[in-house]
Amino acid sequence: MTGRLSGLAMWALLAAVAALGAPGVALAQDAGMVGAPVAWGMGLQQSGGPIKDAISSFNTLVFWIIVVITIFVALLLAYVVWKFRADANPNPSRTSHNTVLEIAWTVVPVLILVVIAIPSFRLIYYQDRTVDADLTINVQGRQWYWHYGYPDNGNFTFDSYPVQDADLAAGQMRNLEVDNPLVIPVGANIRILSTGQDVIHSFFIPSLGVQRYSIPGRTLETWMRADRPGTFYGQCNQICGVNHWFMPIVVRAVPQAEFDAWAAEARTRFAQGLPPGAPRALAAAPDATAAPGADAAQTQMIVAQARR
Ligand SMILES: [Cu+2]
């Protein structure tokens, strides 16, 4: 009887949740997971894609190794304190060597490090780059906002500025929202080419497992993929100046069709290939028809080098 009641209660709860969730279906940007810090969060952020999945499982492996070592050392200390206490050992032992023990406490930690190192190196190479990218996005860190480019979709570029507290809409997250989020298709392997305009920044989205420095005069490559639709929040995590704390990143992962529609609209909204530093008003002007700038040529060169 209790089981049936709790079953009914569960279905009622699910129906209520579905009913509450229904208005969100119409607004695509409200759908999907939210990759962001939560109050009293203890572990890593929830995963939005395969790189973060791999980071989370590696984190779990290392965590349990640490737990076992900590318990072992604590028990060993307690045992030694008890067994070799002064009143039980009036004549202290003069033992100074034990070959078997010395080999063991050298070899066992080496084996533990090997167990950690193998998945660690595999993860580093997995994160490093994707072989078959579906899409390339140029990321440029600037003091203090982000500048993005979509060379595969008409080479439009745009700036992504943080939303000030006074301009926050209801439900938006303080210090994490931007005016123009990065939009990506769900399930696509995105090649990120990261560079800095002025100082060293870092493109960091915890829930997608992405982090790459943005260094002036260099282009660093990495990749990301969102397997779940949603909104993923990040921040610059390289101390880059006085407003470093207010340099958020927002990635919206949407279905391919929605991405295509957004890219088509963005191509006209953000004028093509404007040179870096062009005024934002000019970038927003619908009739701006500047020739594709350095961004496209640079990307083609870098991608060609990467494929060689
Ligand atoms: Cu920065």
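## Ser207 and its surroundings

Contact here means heavy atoms within 4.5 Å. The model is predicted. By that cut-off, Ser207 touches Gly35, Gln45, Gln46, Ser47, Gly48, Gly49, Lys52, Phe232 and Tyr233, leaving aside residues up to four places away in sequence.

Where does Ser207 lie? Its place is in the loop between strand S7 (201–205) and strand S8 (210–214). Is Ser207 buried or exposed? Its relative accessibility is 0%, so Ser207 counts as buried.

## The copper site

Which residues coordinate the copper ion? They are His201 through ND1, Cys236 through SG, Cys240 through SG and Met247 through SD. The distances are 2.0 to 2.6 Å. Along the chain, the donors follow the spacing H-x34-C-x3-C-x6-M. Cys240 and Met247 are both buried.

The arrangement is tetrahedral because the four donor atoms subtend angles of 92 to 127 degrees around the copper ion. The cut-off for four tetrahedral donors is that all angles lie between 85 and 135 degrees. Ideal angles for four tetrahedral donors are 109.5 degrees.

## The open sheet

Five strands make up an open sheet. Their order is S4-S3-S2-S6-S9, and the pairing is mixed. Strand S4 (156–160) and strand S9 (220–224) are the edge strands; each pairs on one side only. From one strand to the next, the twist averages 25 degrees.

Strands of a sheet pair through backbone hydrogen bonds, either parallel or antiparallel. Strand S2 (residues 135–142) and strand S3 (residues 145–150) run antiparallel, joined by five bridges. Asn138 stands opposite Gly149 in S3.

How values were computed
Residues numbered from 1 in each chain as written. Predicted model: local features only at pLDDT ≥ 70, side-chain atom pairs only at ≥ 80, totals over all residues. Heavy atoms only, no water. Helix = DSSP H or I, 4+ residues; strand = E, 2+ residues; numbered from the N terminus. Buried < 20%, exposed > 50% of the residue type's maximum accessible area, 1.4 Å probe, protein only. Donors = N, O, S within 2.8 Å, 3.2 Å for Na, K, Ca; no water. Tetrahedral: all angles 85-135°; square planar, octahedral: opposite > 155°, others 65-115°. Pairing = 2+ DSSP bridges. Axes fitted to C-alpha atoms, helices over the stretch in contact; angles between N-to-C directions.
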